[in-house]
Amino acid sequence: MAALPPRPHPASVRTLDADGWRVPLGIPADVDAFALASPLCRRCGGRGAVRKYRDWRTCACVHRAVFRACLDTYRHCQANMTGSGGCAFELVGHAQGKCAITASFKRAEFSADFVMTARRALAGRPIERAVFEFHFLAGEEWKVAVSHVNSRLRLARPLYRGSFFHAVYRAQEMVARNILASAPYRLYPTSAYFAGFFLSAADLTLTRLRIH
Ligand SMILES: [Zn+2]
């Protein structure tokens, strides 16, 4: 009796590698979309990538995870701005092989970079910008933030709970996409930001922020 052919492994999230797993577009090589994806996401099923036409795109749940990580670090920096370790001396590499020792204020630098990157990403989007300022930076609850956004923007159709949280998700996604696209001083992974940067000649030819 001939041996039966081996049964294929049942399809599951864990077998995606054998099933044609693709790294989604628009995400740096050192950021793992699979690890960041929400297991309960209805769009990607926890894979971190969604099919769009012939490509695999990064899912919104990955962008939101990146944004939350940066926001947590920002709040931590704000709370500990004057604590010990606020000023550090670091070795800065140079393209010509030289290096220098500079005093850096990483917490202040991260806070400023995060806020400025977000404001640049949300320029021209007044609703998302106001939501970011009141809900994320000022830390207001949604009920308070809704009234502040409506009174500042004087919208013809004021935001309510549903439209407010849709704006929250849009703002998170737009900011995170710009954070991942910025080079060479990328805010995420935040541990790499605080570890310092070594620039190559190729890095120095990049623009500071590439907006897609
Ligand atoms: Zn997802």
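**Strands, helices and one serine**

Reader: Which residues of strand β2 (residues 55-58) are on its covered face?
Author: Strands here are DSSP runs of E with at least two residues, helices are runs of H or I with at least four, and both are numbered from the N terminus. In a regular strand the side chains alternate between the two faces of the sheet. In β2, D55 and R57 make the uncovered face. The covered face has W56 and T58.

Reader: Which pLDDT do local features need in this model?
Author: Residues are numbered from 1 along each chain as its sequence is written. The model is predicted: totals for chains, interfaces and linings use all residues, side-chain atom pairs count only at pLDDT 80 or more, and local features need pLDDT of at least 70.

Reader: In what sense do β1 and β2 pair?
Author: Two strands pair if DSSP finds at least two bridges between them. V50 stands opposite R57 in β2. Two residues lie between the strands of this hairpin, where Y53 takes a positive phi near 55°. Over four bridges, the sense is antiparallel.

Reader: Which residues beyond four places in sequence is S38 in contact with?
Author: Contact means that C-beta atoms, placed from the backbone, lie within 7 Å. S38 and A65 are 27 residues apart in sequence, with their C-alpha atoms 8.2 Å apart. Leaving aside neighbours within four places, the contacts of S38 are G46 and C61.

Reader: How far apart are the end C-alpha atoms of helix α6?
Author: The expected span is 1.5 Å times one less than the number of residues. For the 21 residues of α6 (161-181), that gives 30 Å. The model agrees: the ends are apart by 30 Å.

Reader: What covers the buried residues of α6?
Author: The buried residues of α6 include A167, A171 and M174. Among the elements that cover them are α2 (60-79), α3 (106-121) and α4 (126-137).

Reader: At roughly what angle do the axes of α4 and α6 cross?
Author: Axes are lines fitted to C-alpha atoms over the stretch in contact, with angles from 0 to 180 degrees between N-to-C directions. These two axes come within 9 Å. They cross at roughly 90°.

Conventions. Buried ≥ 20, exposed ≤ 12 C-beta atoms within 10 Å, placed from the backbone. Contact = placed C-beta atoms within 7 Å.
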